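Here is a short briefing on one strand and its surroundings. Please keep the sequence and the structure in view while reading.

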Amino acid sequence: MNKRVSMLFTIAAVAVMGATLFGSSYTQTQIGGQSIDMNKMDVDVIEKIHQMGGLQLVMPQAFADVDCGSLENSGRTVHDFQLTGESVELPLLGGKTYNAMTFSGQVPGPTLRVTQGDVVKMTLTIPEGEVTGHGNDMHASQMSASYFESINPGESTTYCYIAEAAGIFKYHCSGVKLMAMDQHVLSGMYGIAIVDPANGYKKLMVEKTSGSGELDRKFYDADALEFQLQYNQLYLDDKGNYNAVDMFAHHHDAAVVNGMQFGYVPNMAHNLLVNGDVNKKISAVLQARDGLDLKQYQGQLLFVELDQHVRIFIENQGNEPVFFHIVGEILDRVTQGNRVQAGATETWLIGGSQGAIVDLVFDEPGVYAAVNHDYAQIYTGAVTVFVAGDPFNLNPVLVEKGVIPAPVPSYAYALGNPSDAVPPMGQNSIAHPAINIHGLYTDEVASELQENGAIPLWEVIPVVAEILTS
Ligand SMILES: [Cu+2]
């Protein structure tokens, strides 16, 4: 055994011992990054660790099993959260595909929304014929993932927990008894649970100054138009398979928001509305997802009203920091858990497996790009375009042509907001005027959304185009 490998095994043994001695959740037994200098390691050593399934740790049953029976009859609201673990092929930007692993045929997985104190009854089913087992570690619970272990193809397991802490929490596949967890998560097996505070969200206070320099505090009701943005990276080889060497090197191939690179950018429908011609591009740089044939994968925009309380649930599902920034805006409030962390701040740093709730109000009609202000991530896909109000003065045309009966405060009334960016309704949610089908979904998931009333814009736009150009 060469020196580096034996050194690694020593570190692994110490970690295993730590787990046995202090035995709680495996997260406490992770090896500190400073103890291994990845840059000095052989690539084949990294590959060997990966083939081993990472460093396998011993995990005692430190947490008592949670009995669904007693929790289900405790008088608390119970949420039945059903997930399936499925490997599917999903498209990448530019026409290629990759071998994705998903919860329920979509990346990210379905969002769970509950109120603090509710019981979550999570069932993970792995269909017969699935290539590997899967697990689920829900950060909203306070149980070790080792309790849940992993589920084999053809099997199903349930656990229950009380969502005691308010906030936004990641859930992710825990691999096969924690092996290959990195591959499963970075291939798409992640999602969020939003736990609304028991007493609801707080009013939003925004400070402005008057002409005489005096402070003018404006308060917005707690009810808000809500979005969800989940940041991650893809590490892939040429065949669309997960590439662990790139992951260890922190060398991503794509930065994704809700699973897609440049998912929220203008498409040809917006060309038509703004320029009167599907082929006349609004943005030469950003228009990466043009084409009605892309269906649920074409670019869509996020539409908000002016002077409207907007709440964004953000989770960093990835392996790199997120410097959340909205070009041309200031984040009026940042909350983590149920505690306000900042007010009127330009950018907020969100580490890996960390969430934040950003509240803000857009004051001026315009186009605003929410970015991960890490340049390596901006240019590889972490750009999300918000449009506030009617900056293109489309209301008169749309009304005149009969597309809408009266002027509207945002284009969401005509085009809807993308389904993957809209979380389920909570206790302080303003309903979106309409939802369009957009997301890294299988066609089955997209059809289900259509059956539930979401708009397939790729079918609607040709009709609108005919009206507008007639
Ligand atoms: Cu998995």
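Two strands pair if DSSP finds at least two bridges between them. Helices (H or I, at least four residues) and strands (E, at least two) are DSSP runs, numbered from the N terminus. Strand 12 and strand 15 (residues 309–316) pair in the parallel sense, over 7 bridges.

This is a predicted model: local features need pLDDT of at least 70, side-chain atom pairs count only at pLDDT 80 or more, and totals for chains, interfaces and linings use all residues. Residues are numbered from 1 along each chain as its sequence is written.

**Pairing of strand 12**
- In strand 15, N316 stands opposite Y231.
- Strand 12 (residues 224–234) and strand 13 run antiparallel and are joined by 4 bridges.
- N232 has V256 of strand 13 as its bridge partner.
- Strand 24 runs parallel to strand 12, with 2 bridges between them.
- There, L225 has I430 as its bridge partner.

**Burial**
- A residue is buried if 20 or more other C-beta atoms lie within 10 Å of its own, exposed if 12 or fewer, and partly exposed in between; C-beta atoms are placed from the backbone.
- Strand 12 is largely enclosed by the rest of the structure, because 11 of its 11 residues are buried.
- Its buried residues point both ways, with Q228 and N232 among those on one side and F227 and Y231 among those on the other.
- Strand 13 (residues 254–257) is covered on both faces: A254 and V256 are buried on one side, A255 and V257 on the other.

**The loop residue M425**
- M425 lies in the loop between strand 23 (417–418) and strand 24 (429–430).
- M425 counts as exposed because it has 12 C-beta neighbours inside 10 Å.
- Its C-alpha atom is 9.7 Å from that of L225, 200 residues apart along the chain.
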